[in-house]
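Dear colleague,

Here is the structure I promised to hand over, with the sequence beside it. Please open it first and keep it in view while you read my notes below.

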Amino acid sequence: MIAKALLVGDNADIRSVLRRMLECAGDEVLEAADGLETLTRLSETVDRLVTDINMPNMDGVELILKVKKRNPDIAIIAMSGAGLVGGALNTWSAGKIGADEVLEKLFDYAEMIDTAKQLIAQS
């Protein structure tokens with residue numbers, strides 16, 4: 001099954017790499033530079049949201065809360081760097097805000113693809 005993913009992050013280079021990862025796994029990928037742009041893109045049907053946490057205009061935590069309120073069935077993968085939520089955004093914290101999984105940067109290709117496929121298989 002081809003999944004449609006919305007990839008969110010303010011760093012265009014990182015988005016480009018992640019886009020290629022997801023496309024190699026067979027996903028159709030849309031992109032947004034921040035949380036505000038994401039909310040306008042959600043008029044399109046997407047199976048999963050892959051979002052950075054630390055972004056300008058609207059951070060990933062606020063974005064996840066808003067997205068889950070609008071679309072509780074969407075699968076969400078949050079990407080966290082060190083220094084967030086007591087050192088890292090762990091799975092427990094992510095569950096509290098609505099993310100299904102958290103990948104701590106720097107994750108590898110296999111980890112991203114396996115996580116994405118597991119979430120789609122669960123839906």
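**What I found**

Starting from the N terminus, the elements of the protein follow one another as β-α-β-α-β-α-β-α-β-α, which gives five helices and five strands. Please keep in mind that this is a predicted model. Of the 123 residues, 47% count as buried, and among the contacts between residues at least 6 apart in sequence, 61% join residues at least 24 apart.

I would begin with strand S4, which covers residues 75–80. Six of its six residues are buried, so S4 is largely enclosed by the rest of the structure. In a regular strand the side chains alternate between the two faces of the sheet.

Which strands pair with S4? One is S3 (residues 48–52), which runs parallel to S4 and is joined to it by five bridges; within this pair, Asp 52 stands opposite Met 79. Between these two strands the chain passes through helix H3 (residues 60–70), and this β-α-β crossover is right-handed. The other is S5 (residues 101–104), which is also parallel to S4 and is joined to it by four bridges, with Glu 104 of S5 as the bridge partner of Ser 80.

Asn 57 sits in the loop between S3 and H3, and although Asn 57 is not a glycine, it has a positive phi of about 70°. Is Asn 57 buried or exposed? Its relative accessible area is 58%, and because the cut-off for exposed is over 50%, Asn 57 counts as exposed. Leu 63, by contrast, belongs to helix H3 and has a relative accessibility of 0%, so it counts as buried. Leaving aside residues up to four places away in sequence, Leu 63 touches Val 8, Gly 35, Thr 38, Leu 39, Leu 49, Thr 51, Met 55 and Met 58. Leu 63 and Leu 36 are 27 residues apart in sequence, while their C-alpha atoms are 8.0 Å apart in space.

Finally, please turn to helix H1 (residues 12–24), whose 13 residues reach 18 Å from the first C-alpha to the last, close to the 18 Å expected at 1.5 Å a residue. The buried residues of H1 are Arg 15, Leu 18, Met 21 and Leu 22. Why do they lie on the same side of H1? They cover an arc of only 120° around the axis, which puts them on that same side. As background, an α-helix has 3.6 residues a turn, so residues three or four places apart point the same way. The face of H1 turned away from the buried side carries the exposed residues Asp 13 and Cys 24.

With best wishes

Notes
Residues are numbered from 1 along each chain as its sequence is written. This is a predicted model: local features need pLDDT of at least 70, side-chain atom pairs count only at pLDDT 80 or more; totals for chains, interfaces and linings use all residues. Side-chain values use heavy atoms; hydrogens and water are left out. Buried means under 20% relative accessible area, exposed over 50%, partly exposed in between (1.4 Å probe, protein chains only). Two strands pair if DSSP finds at least two bridges between them. A crossover is right-handed if, with the strands pointing away from the viewer, the path from the first strand over the helix to the second runs clockwise. The expected span of a helix is 1.5 Å times one less than its number of residues. The arc is that of the directions from the helix axis to the C-beta atoms. Contact means heavy atoms within 4.5 Å.
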